[in-house]
Amino acid sequence: MSNERAELLQSLNRHRDFLRGTVADLTEEQARLSPTVSVLQLGGLIKHVAGVEERWGRFAEGGADAMNSVPLDWQGQFKLNDDETLEGTLKHYDKVAAANDEIFAAIDLDSGHELPKEPWFEPGASWSGRRVILHLIAEVSQHAGHADIIRETIDGKKSMG
C-alpha cells in the first residue's frame, strides 16, 4: 500500500474513532435524544455516516449507478427507527468501514467516475478514488464534531476535548 493511501486511510479511521467515541457508554434512550435545536441524535448520526460511507464505497467501485443502486431514506437517515439499536447501528458501521477499507486499499486513487446527476454536484464532474476518500474524511470529521456537541449537551462528556 502506498504511503499516501495509508495516510488517507489512517486519517479516515482516526475520525471514525472520534465519531464512535461520542456514543461510548450511552444508553439507548440517550442515543435517541435530540438535545439541541437540531433534530440530530447521536444514534442517527452514526446511522447517517454509515449510509454515506456505504454509498461512496459503491461509487468508488462502480460509479454513479452503483452509488444509487440502493434507495436512500432522506428523512429517516438521521434517526434510529424503533427496530434499530445503537449497538446494531455501530456493528453495521463497523462492517461498512471494514468493507470500504478493502475497497479503498484496492482502487486506483487517480481514476474515477462521473458523479451522479444531482443538483448539488457540478454537471459532468468526475471524482477520483482519492477525492472520494478525502470527501469521507471531511464528512466523518464534520459529523464527529456535531456528535461531540450533542454528547456534551446530553451529559457533559467530551469526546474531543
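Hi everyone, let me start with Pro 35, which counts as partly exposed because its relative accessibility is 32%. For that scale, buried means under 20% relative accessible area, exposed means over 50%, and partly exposed is in between, with a 1.4 Å probe and protein chains only. Before going on: this is a predicted model, where local features need pLDDT of at least 70, side-chain atom pairs count only at pLDDT 80 or more, and totals for chains, interfaces and linings use all residues. Residues are numbered from 1 along each chain as its sequence is written, and side-chain values use heavy atoms, with hydrogens and water left out.

Back to Pro 35, then. Pro 35 sits in the loop between H2 and H3; the helices here are DSSP runs of H or I with at least four residues, numbered from the N terminus. Setting aside residues up to four places away in sequence, Pro 35 touches Leu 40, Ile 150, Thr 153 and Ile 154, where contact means heavy atoms within 4.5 Å. Pro 35 and Glu 152 are 117 residues apart along the chain, and their C-alpha atoms are separated by 9.8 Å.

Let's go to the start of the chain. Helix H1 runs over residues 3-21, and its 19 residues reach 27 Å from first C-alpha to last, close to the 27 Å expected. That expected span is 1.5 Å times one less than the number of residues. Which residues of H1 are buried? They are Arg 5, Leu 8, Leu 9, Leu 12, His 15, Arg 16 and Leu 19. Seen down the axis of H1, these buried residues fall within an arc of 125 degrees, so they line one face of the helix; the arc is taken from the directions from the helix axis to the C-beta atoms. On the other side of H1, Asn 3, Gln 10 and Arg 14 are exposed. The buried residues of H1 pack against helix H3 (42-67), helix H4 (86-106) and helix H5 (129-155).

Arg 16 counts as buried because its relative accessible area is 0%. Its side chain is joined to that of Glu 53 by a polar contact of 2.7 Å. A polar contact is a pair of N or O atoms within 3.5 Å; within protein, one must be able to donate a hydrogen and the other to accept it, and residues adjacent in sequence count only if both atoms are side-chain atoms. Leaving aside neighbours within four places in sequence, the contacts of Arg 16 are Glu 53, Tyr 93, Ala 97, Asn 100, Asp 101 and Val 140. Between Arg 16 and Tyr 93 there are 77 residues of separation in sequence and 9.4 Å in space, C-alpha to C-alpha.

Thr 22 is in the loop between H1 and H2, and it counts as buried because its relative accessibility is 0%. Not counting residues up to four places away in sequence, Thr 22 touches Leu 42, Ala 144, Ala 147, Asp 148, Arg 151 and Ser 159. Asp 25 lies in the loop between H1 and helix H2 (28-31), but Asp 25 is exposed, with a relative accessible area of 73%. Asp 25 also has a positive phi of about 65 degrees although it is not a glycine. Most residues other than glycine have a negative phi.

Now for H4. Its buried residues are Leu 86, Thr 89, Leu 90, Tyr 93, Val 96, Ala 97, Asn 100, Ile 103 and Phe 104. They cover an arc of only 140 degrees around the axis, which puts them on the same side of H4. Exposed on the other side of H4 are Glu 87, Lys 91, Lys 95, Glu 102 and Ala 106. The cover over the buried residues of H4 includes H1, H2, H3 and H5.

Last, the core. A nonpolar core is a set of buried Ala, Val, Leu, Ile, Met, Phe, Trp, Tyr and Cys residues joined through side-chain atoms within 4.5 Å. How many residues does the largest one have? It has 38, and those with the most contacts inside it are Trp 56, Phe 104 and Val 132. H1, H3, H4 and H5 each supply at least two residues of this core, and the largest share, ten residues, comes from H3. Leaving aside neighbours within four places in sequence, Val 132 is in contact with Trp 56, Phe 59, Ala 60, Phe 104 and Trp 127.
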